[in-house]
Amino acid sequence: MSKIETDLSPEIQLEMLKTMLKIRYFEMTAGSLYKRGLLKGGVHACIGQEAIPVGISAHLRTDDYITSTHRGHGHHIAKGADVKRLMAELMGKETGYCKGRGGSMHVAAFEVGSLGAFPIVAAGVPCAVGAAFSMMHQGKDQVAVAYFGDGALGQGTIYEAFNLASVLKLPVVFVCENNCFAVSTRTEATVALKDIPSFAASFGFTGVRENGQDVLNVYKTARAAITRARENQGPTLLYFDTYRFEGHYFGEPEIYRTREEVQKSRDELDPIDIFSAYLLDAGMMNKQSRDEIEISARAEIEEAIEFAKQSPDPNPEEFAKYVYA
Ligand SMILES: Cc1ncc(C[n+]2csc(CCOP(=O)(O)OP(=O)(O)O)c2C)c(N)n1
């Protein structure tokens, strides 16, 4: 990890490491619960991609908005979502963010600014633009962040959203997480786009392509984009290169890549290892404090599982209670 000038205090940096660990353990636990049949629906993990939402969220306030994807646990936890209510949602419990009706792929947590996980690829992007439009018209200084994967670049709706956001100079940041795959298809097989600055310039805004494995690099990259949005100077495209360590969803056969490729990425690109090594080297933590952070992150996830397990199931008679149309 390159040494990066940062205005973040050591305490905040250690908190960022803890958030990355919470995302990691939340998903590892979700994976094992899923394999034991305790979670319903598909569960998509962002293991390997944790640095991106943590680096972005370090600039966001609770009242800023995000729109997320089917791979959204990290976006939510980094934005401050309560892991208990998130785990309860995955387990389909009444105490979950959507009272157990949404599950992993449909979580919305308005209390922390999440307008929702949108499993329809690219669908969250125009919604973030809508939120930004609303903020600008109300004269508020909140910003919206739209997370999406490289697969979303094949959906026309995001180009319409890019255009409108640029024309109206809306306070939105577009964050593309290029994790090398859309299900089983490698990015280069479907995305012609290579030169992000020129591409974004063709819409009239700034775009950058950066390493998404280094949380401080993500933080540094996001600063100008979020400031620009907050000052109503229009959108920015942040395109981060990352790698998905797990299958597209838990249990997916992964026949499109070799074990060696995945192992090499785990060895060389793990954002938690990279950040931990940096913090140790910079003297911001030692081996013992690293262990303590890890133990406390794990403990929060254990509590979340216990909370979710003890929570009541929804009453089957109320299955249509929140269906409005
Ligand atoms: C409009 C639409 N088309 C197809 C799908 C099926 N689908 C679910 S996830 C996915 C791939 C998404 O890839 P990407 O956007 O790169 O996100 P990642 O899964 O890599 O995080 C597809 C095609 C969908 N959910 N929505």
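This briefing describes strands, a helix, some loop residues and the surroundings of a ligand in one structure.

The model is predicted, and local features need pLDDT of at least 70, side-chain atom pairs count only at pLDDT 80 or more, while totals for chains, interfaces and linings use all residues. Residues are numbered from 1 along each chain as its sequence is written. Helices (H or I, at least four residues) and strands (E, at least two) are DSSP runs, numbered from the N terminus. A residue is called buried if 20 or more other C-beta atoms lie within 10 Å of its own, exposed if 12 or fewer, and partly exposed in between, with C-beta atoms placed from the backbone.

**Strands**

- Strand β3 (residues 144-149) is mostly covered, since six of its six residues are buried; Ala144, Ala146 and Phe148 lie on one side, and Val145, Tyr147 and Gly149 on the other.
- Strands pair if DSSP finds at least two bridges between them, and β3 pairs in the parallel sense with strand β1 (residues 65-69) over three bridges, where Ile66 stands opposite Val145 of β3.
- With strand β4 (residues 172-178), β3 also pairs in the parallel sense, over six bridges, and here Ala146 stands opposite Phe174 of β4.
- β3, helix α6 (residues 156-167) and β4 make a right-handed β-α-β unit, where right-handed means that, with the strands pointing away from the viewer, the path from the first strand over the helix to the second runs clockwise.
- Strands β7 (residues 206-211) and β8 (residues 236-241) run parallel and are joined by six bridges, with Leu238 in β8 as the bridge partner of Val208; β7, α9 and β8 make a right-handed β-α-β unit.

- In helix α11 (residues 271-281), Pro271, Ile272, Phe275, Ser276, Tyr278 and Leu279 are buried. These residues lie on the same side of α11, because they cover an arc of only 160 degrees around the axis, the arc being that of the directions from the helix axis to the C-beta atoms.
- On the other side of α11, Ala277 and Asp281 are exposed, whereas the buried residues of α11 pack against α1 (10-35), α2 (51-57), α9 (215-230) and α12 (287-310).
- Ile47, in the loop between α1 and α2, is buried, with 22 other C-beta atoms within 10 Å.
- Not counting residues up to four places away in sequence, Ile47 touches Arg24, Glu27, Phe245 and Glu246, contact meaning that the C-beta atoms, placed from the backbone, lie within 7 Å.
- The C-alpha atoms of Ile47 and Pro271 are separated by 9.3 Å, although these residues are 224 residues apart along the chain.

**Positive phi values**

- Most residues other than glycine have a negative phi.
- Ala122, however, has a positive phi of about 80 degrees; Ala122 is found in the loop between β2 (114-118) and α5 (124-137) and counts as buried because it has 21 C-beta neighbours inside 10 Å.
- Val183 likewise has a positive phi, near 55 degrees, and lies in the loop between β5 (181-182) and β6 (185-186), but Val183 is exposed, with 12 other C-beta atoms within 10 Å.

**Ligand surroundings**

- Of the 14 residues around the ligand, Arg71, Val121, Gly149, Gly151 and Ala182 come nearest, a residue being near if its C-beta atom, placed from the backbone, lies within 6 Å of the molecule.

How values were computed. Contact = placed C-beta atoms within 7 Å.
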